[in-house]
Amino acid sequence: MCDGVKRETIQRVVTTVMGEKEGDAMRMRARELKEKAKTAVEEGGSSYSNLTTFVEDINAFRNVNCPTF
């Protein structure tokens, strides 16, 4: 059975992320991923386009299979 994360583990990770050279790299990577995610969900981005296509496909399917009178 898992008792959760130990206090010492959290302290070690926070210290690494907040202060050490390895933490600098982690923060830089997080900023890069943030920008990529932001670009993906903006109009014209890959996630935006994929979701738009998905909704259009659902609407087309609905219109073919459930025509309105």
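## Ground rules

The model is predicted, so local features need pLDDT of at least 70 and side-chain atom pairs count only at pLDDT 80 or more, while totals for chains, interfaces and linings use all residues. Residues are numbered from 1 along each chain as its sequence is written, and side-chain values use heavy atoms, with hydrogens and water left out.

## Overall form

The protein chain has 3 helices and 0 strands, which gives the pattern α-α-α along the sequence. Helices here are DSSP runs of H or I with at least four residues, strands are E runs of at least two, and both are numbered from the N terminus.

How does the radius of gyration sit against that of a compact globule? The protein chain comes out at 22 Å, whereas a compact globule of 69 residues would be near 11 Å. That radius is taken over C-alpha atoms, and the globule rule is 2.2 Å times the number of residues to the power 0.38. Along the principal axes, the C-alpha atoms fill a box of roughly 65 × 35 × 10 Å.

## Surface and burial

Of the 69 residues in the protein chain, 6% are buried. Buried means under 20% relative accessible area, exposed means over 50%, and partly exposed is in between (1.4 Å probe, protein chains only). The accessible surface of the protein chain is about 6500 Å², and carbon and sulfur atoms own 60% of that. Those areas come from the Shrake-Rupley method with a 1.4 Å probe, and for residues only the protein chains shown count as cover.

## Charges and salt bridges

The protein chain carries 11 positive and 11 negative charges, with their mean positions 5 Å apart. Lys and Arg count as positive, Asp and Glu as negative, and His and the chain ends are not counted. Each charge is placed at NZ of Lys, CZ of Arg, CG of Asp or CD of Glu.

How many salt bridges turn up in a search of the whole structure? There are 2, a salt bridge being a side-chain nitrogen of Lys or Arg within 4 Å of a carboxyl oxygen of Asp or Glu. R27 pairs with D24 at 2.3 Å, N to O. Both residues lie in helix 2 (residues 21-41), 3 residues apart, or about one turn of the helix. R27 is partly exposed at 27% relative accessible area, and D24 is partly exposed at 38%.

E32 and R29 form a salt bridge too, with their closest N and O atoms 3.7 Å apart. This pair also lies in helix 2, with 3 residues, about one turn, between E32 and R29. E32 is partly exposed at 37%, and R29 is partly exposed at 44%.

## Two buried residues

T16 is in helix 1 (residues 7-19). Why does T16 count as buried? Its relative accessibility is 12%. Not counting residues up to four places away in sequence, T16 touches E22 and G23, where contact means heavy atoms within 4.5 Å.

A40 belongs to helix 2 and counts as buried at 16% relative accessibility. Leaving aside neighbours within four places in sequence, A40 is in contact with G45, S46, S47 and Y48.
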